[in-house]
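The entries follow the order in which I looked things up.

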Amino acid sequence: MTNPTPLSPYEQARLDKIKRNQERLASLGLVDAKKRVRSAARGQRRQPVTPRKRTLRKKRAITPSPPRSSRRLKRKPVQYTPLMDDDEALREARKKFKVVKKMIKTTTSSNFRCEIPTDVWSSPLTVAQKALIGKKMEGDFLGKFEDYVTEVDTLSEQNRRNVLRQITKLAMGEGIRYESKAYGWPEGCYFLKGTKVCPTNDVLKLIEIGQQCEDEWGRDHGNGWLLSHPLKKLYQFQQYLLHD
């Protein structure tokens, strides 16, 4: 019979430690504790789990809203619910303010208007009409014209500046040229360059000449503020002097 292989010091120390632990458990009476716990657990019956009943939520009773319909289609008056700050007194105050504002506007500006005839050849002034216009201008054509577009035939500030700029060029004899990279007139093409324009001229004829310039050199893409609108204001100023 062969002798068993001697244990290594590590294995011998491990066995000695296991032996000491078992002796310790025996002295405490815990050797069979694991078996007793398992047998006790097997002896107990597992109580069945009763499923929880699911409670259904009660649906709220929804009151159906009446169908929407158009009172306009039924030809009935519109129902209006005023806002919190829109009471009767406030509406009356607004109406009075609008009336007063309209009265102020009509008293400060006469807004003189006149129709421009389509037949431009029917507009030459008589000697008496030219004398009357010269008398009312008092040697200050541009000043009177500025007063007219500011106080009588009122315009917005931007439009007023455009009209005054173009009429000043005509009054000084500088002429008007369409300056535009895309639609500008050819070099050297001017409307009435070298001719000083004033209200005693045949303004309707000037309007016709301006249209001819646009037909030949290029249409104004600035909505008429190159020639059409300034010349029309000049004609209305002329008629205002004659009828005022």
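Entry 1, α4 and α8. I noted that α4 and α8 are roughly perpendicular to each other, a term that covers angles of 65 to 115 degrees, whereas under 35 counts as roughly parallel, over 145 as roughly antiparallel and the rest as oblique. The axes of α4 (residues 127-137) and α8 cross at roughly 95° and come within 9 Å. Axes here are lines fitted to C-alpha atoms, for helices over the stretch in contact, with angles from 0 to 180 degrees between N-to-C directions. Helices are DSSP runs (H or I, at least four residues), as are strands (E, at least two), numbered from the N terminus. On the α4 side I listed Q129, L132, I133, K136 and M137, which meet Q238, L241 and L242 of α8; contact means heavy atoms within 4.5 Å. By class I recorded 5 nonpolar, 2 polar and 1 charged residues, where Ala, Val, Leu, Ile, Met, Phe, Trp, Tyr, Cys and Pro are nonpolar, Asp, Glu, Lys and Arg charged, and the others, Gly among them, polar.

I am working from a predicted model, in which local features need pLDDT of at least 70 and side-chain atom pairs count only at pLDDT 80 or more, while totals for chains, interfaces and linings use all residues. Residues are numbered from 1 along each chain as its sequence is written, and side-chain values use heavy atoms, with hydrogens and water left out.

I found α7 (residues 203-217) and α8 (residues 228-243) packed at about 170°, their axes 9 Å apart. The pair is therefore roughly antiparallel. V203, L204, L206 and I207 of α7 make the contact with L231, K232, L234, Y235 and Q238 of α8.

The angle between α5 (residues 141-152) and α6 is about 160°, and I read an axis separation of 11 Å. That makes α5 roughly antiparallel to α6. The residues in contact include F141, L142 and F145 of α5 and V163, L164 and I167 of α6. I counted this contact by class as 8 nonpolar, 2 polar and 2 charged residues.

The chain averages a pLDDT (the predictor's confidence in each residue, from 0 to 100) of 79, and 73% of the residues score at least 70. I marked residues 104-109, where pLDDT is below 50. Where pLDDT is low, the predicted coordinates should not be read in detail.
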